[in-house]
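Please open the model in a viewer and follow the stops below in order.

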Amino acid sequence: MQTRLTAGDAELTISPEHGCRIESLRIGGTEVLRQGERFGSFPMVPWCGRTENGRFRDGATTHQLPVNAPPHAIHGTVRDLAWNTARVSGTEAVFTCELGDPWPYKGRVTQVFELAEDSLTLRFGVETYDASFPAQAGWHPWFLRNLGNGGRDVELGFTPGWQEERGENHLPTGRRIDPLPGPWDDCFGMPGGVDVTLTWPEELELKVGSRAEWVVIYDEPAEAVCVEPQSGPPNGLNTHPRYVTPIDPLEVESVWSWRRL
């Protein structure tokens, strides 16, 4: 079953049974997210991007995750799970899912969607039921490169503090470098918070913002541009662990706001 929210001429479609993925975001009747095989926007929890060789350490214990992007594990587990619907109104929806095998810890993820006429607010909460564990949370939207109305392709605008140098294994090396020109499949640091503008000239401007300080830009595909705000960099379970404890959940928010041009 799909969940649809509407506000003004904005319409959001969510599929809780298929990873709580945003299937569609239409603004004034125009779809802004890619459709097809790689489509919409999916949640990345309890890690974002690639985890090296599918392994991470928690103290003296090494855990092995399923390798679904050989040789690495990518984008967490909750995108493959059915979520429970906690609450739905005309403009707001709340969903939850349980963390567990193949993730080695028990916990719960809550995702909140709030749609307004000119914005979409997304929130994650990641909780543990027992043991503390390292975790990340973020979003992976597939924005259309071209809106299909005869206009020009999207232009990206952002001013990162640095770029994470990408190694041959497609993971950050740990060195921070001056941002390089695209195309990218790279992680950037934005210490003041994620602030990326997508502009379809003479059609639409959409800003992706978050208090999170990391964003992955993936603009190599011909049909889509991904702007992925997340709570830590790729392989962050190993390099920048942020622990979820019984009294300190991980909470992340992102706001997409738009205006017509």
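Begin with strand 20, which contributes three residues to the lining of the largest pocket, the most of any strand. Strands here are DSSP runs of E with at least two residues, numbered from the N terminus. The model is predicted: local features need pLDDT of at least 70, side-chain atom pairs count only at pLDDT 80 or more, and totals for chains, interfaces and linings use all residues. Residues are numbered from 1 along each chain as its sequence is written, and side-chain values use heavy atoms, without hydrogens and water.

**Stop one: the largest pocket**

Select 162-166 (strand 18), 185-189 (strand 20) and 214-218 (strand 23); each supplies at least two residues of this lining. A pocket is an open set of points on a 1 Å grid over the protein atoms alone, with protein on both sides within 12 Å along at least five of seven lines, and lining residues have an atom within 4 Å of a point. Next, display Arg 50, Ile 74, His 75, His 140 and Tyr 218, which of the 27 lining residues lie nearest the centre of the largest pocket. The volume is about 520 Å³, taken as the space filled by probe spheres set on the points, the probe being 1.4 Å. Coloured by class, the lining shows eleven nonpolar, five polar and eleven charged residues.

**Stop two: the second largest pocket**

Move to strand 13 (119-128) and strand 26 (250-260), each of which provides at least two lining residues here. Strand 26 gives the most, with four.

Conventions:
Nonpolar A, V, L, I, M, F, W, Y, C, P; charged D, E, K, R; others polar.
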